[in-house]
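Trainee: I would like to learn how to read a few features in a structure. Where do we begin?

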Amino acid sequence: MGLKDRLDAIEADITTLNVDAIVNAANSALLPGGGVDGAIRRRAGAELNEELKGIGGCAEGTAVITSGYRLPSAYVIHTVAPIWAGKQAGQNAVLARCYESALKLAEANNIRSIAFPTIGTGAYRWPADTAAKIAFDAVVAHLRMSEIPAAVTFCCFSRVDRERYADLIAALRE
Ligand code: AR6
């Protein structure tokens, strides 16, 4: 299967997706938040809060895995972006590590299909185009090295974002 066949960009609520794992844009205390985290916790149910309390925290650029409870997806992989501090702050590698860490955890758990939201682009204020390039490059680098996960979905929350990722996929050289 070619690289492009393993990638997809959609506009959807990530909590509705029938994939093995969805990724959450969490905070480092793993405390309840808004945005995608709020949506995931609402749909998963209270057990997810309890499991996250037990884990206690997650450093920027790292990831932890939990059950998906009442979500259609069996797992949730939680990762934490840095809060955008401007172009000069040199945080790109940390945002890239969010994707790398999530994909490594997916690989370790034999997760075949995974969906990412646009991590960092909401409350943490990353410019959408900058974040998309970082996300895309990190995902492609992983897929070039590993067969697992077989499929990665960029789950966007706006048409503009979906088109941005669709353009990146279309321009990809195998
Ligand atoms: N499905 C897919 N994408 C969504 C959904 C959804 N249901 N809801 C929002 N988005 P954010 P961050 C998009 O703020 O910037 C949290 O409260 C949203 O439109 O969720 O990494 C945590 O607790 C945006 O494009 O994550 C942290 O404190 C993208 O998901 C902090 O916010 C990410 O926005 C993390 O901020």
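Mentor: With a definition. A salt bridge is a side-chain nitrogen of Lys or Arg within 4 Å of a carboxyl oxygen of Asp or Glu. Keep in mind that this model is predicted.

Trainee: How many salt bridges does a search of the whole structure find?

Mentor: The general idea comes first. Side chains of opposite charge can pair when their charged atoms come close. Here the search finds five salt bridges. One of them joins Glu 50 and Lys 53, with the closest N and O atoms 3.3 Å apart.

Trainee: How far apart are Glu 50 and Lys 53 in helix α2?

Mentor: They are three residues apart, so about one helical turn separates them. Lys 53 is exposed, at 60% relative accessibility.

Trainee: Which residue forms a salt bridge with Arg 41?

Mentor: Asp 37 does, and the closest N and O atoms are 2.7 Å apart. Both residues sit in helix α1, four residues apart, about one turn of the helix.

Trainee: Is Arg 41 buried or exposed?

Mentor: The cut-off for buried is under 20% relative accessible area. Arg 41 has 9%, so Arg 41 is buried. Asp 37 is at 3%, so Asp 37 is buried as well.

Trainee: And in helix α5, how many residues apart are Glu 163 and Arg 159?

Mentor: Four, which puts about one helical turn between them. Their side chains meet in a salt bridge, 3.1 Å from N to O. Glu 163 is partly exposed at 32% relative accessibility. Arg 159 is exposed at 53%.

Trainee: Let us turn to helix packing. At what angle do α1 and helix α2 pack?

Mentor: Two packed helices are described by the angle between their axes and the distance between the axes. For α1 and α2 the angle is about 115°, and the axes are 6 Å apart. On the α1 side, Ile 40, Arg 41 and Ala 44 make the contact. On the α2 side, Glu 47, Leu 48, Asn 49 and Leu 52 do. By class, that contact has four nonpolar, one polar and two charged residues.

Trainee: Now pockets. What volume does the largest pocket have?

Mentor: Rolling a probe the size of a water molecule over the atoms shows where empty space is left. The largest pocket here has a volume of about 530 Å³. It is lined by 27 residues, and Ala 25, Gly 35, Val 36, Asp 37 and Gly 122 are the closest to its centre. α1 (35–44) and β6 (151–156) are the elements that give two or more residues to this lining. The largest share, four residues, comes from α1.

Trainee: How do the residues of that lining divide by class?

Mentor: Into 15 nonpolar, nine polar and three charged.

Trainee: Last, the backbone. Where does a cis peptide bond occur?

Mentor: Most residues other than glycine have a negative phi, and most peptide bonds are trans. In this model a cis peptide bond joins Ile 148 and Pro 149, with omega about -5°. Pro 149 lies in the loop between α4 (128–145) and β6.

Trainee: Which residue has phi near 55°?

Mentor: Leu 30, where the value is positive in a residue other than glycine. Leu 30 lies in the loop between β2 (21–25) and α1. At 4% relative accessibility, Leu 30 is buried. Tyr 69 also has a positive phi, about 50°, although it is not a glycine. Tyr 69 is in the loop between β3 (63–67) and β4 (75–79). Tyr 69 counts as partly exposed, at 33% relative accessibility.

Technical notes
Residues are numbered from 1 along each chain as its sequence is written. This is a predicted model: local features need pLDDT of at least 70, side-chain atom pairs count only at pLDDT 80 or more; totals for chains, interfaces and linings use all residues. Side-chain values use heavy atoms; hydrogens and water are left out. On a 1 Å grid over the protein atoms alone, a cavity is a set of points where a 1.4 Å probe fits but cannot get out, and a pocket is an open set with protein on both sides within 12 Å along at least five of seven lines; lining residues have an atom within 4 Å of a point. Grid points are joined across faces, edges and corners, and a volume is the space filled by probe spheres set on the points. Ala, Val, Leu, Ile, Met, Phe, Trp, Tyr, Cys and Pro count as nonpolar, Asp, Glu, Lys and Arg as charged, and the others, Gly among them, as polar. Axes are lines fitted to C-alpha atoms, for helices over the stretch in contact, and angles run from 0 to 180 degrees between N-to-C directions. Contact means heavy atoms within 4.5 Å. Buried means under 20% relative accessible area, exposed over 50%, partly exposed in between (1.4 Å probe, protein chains only).
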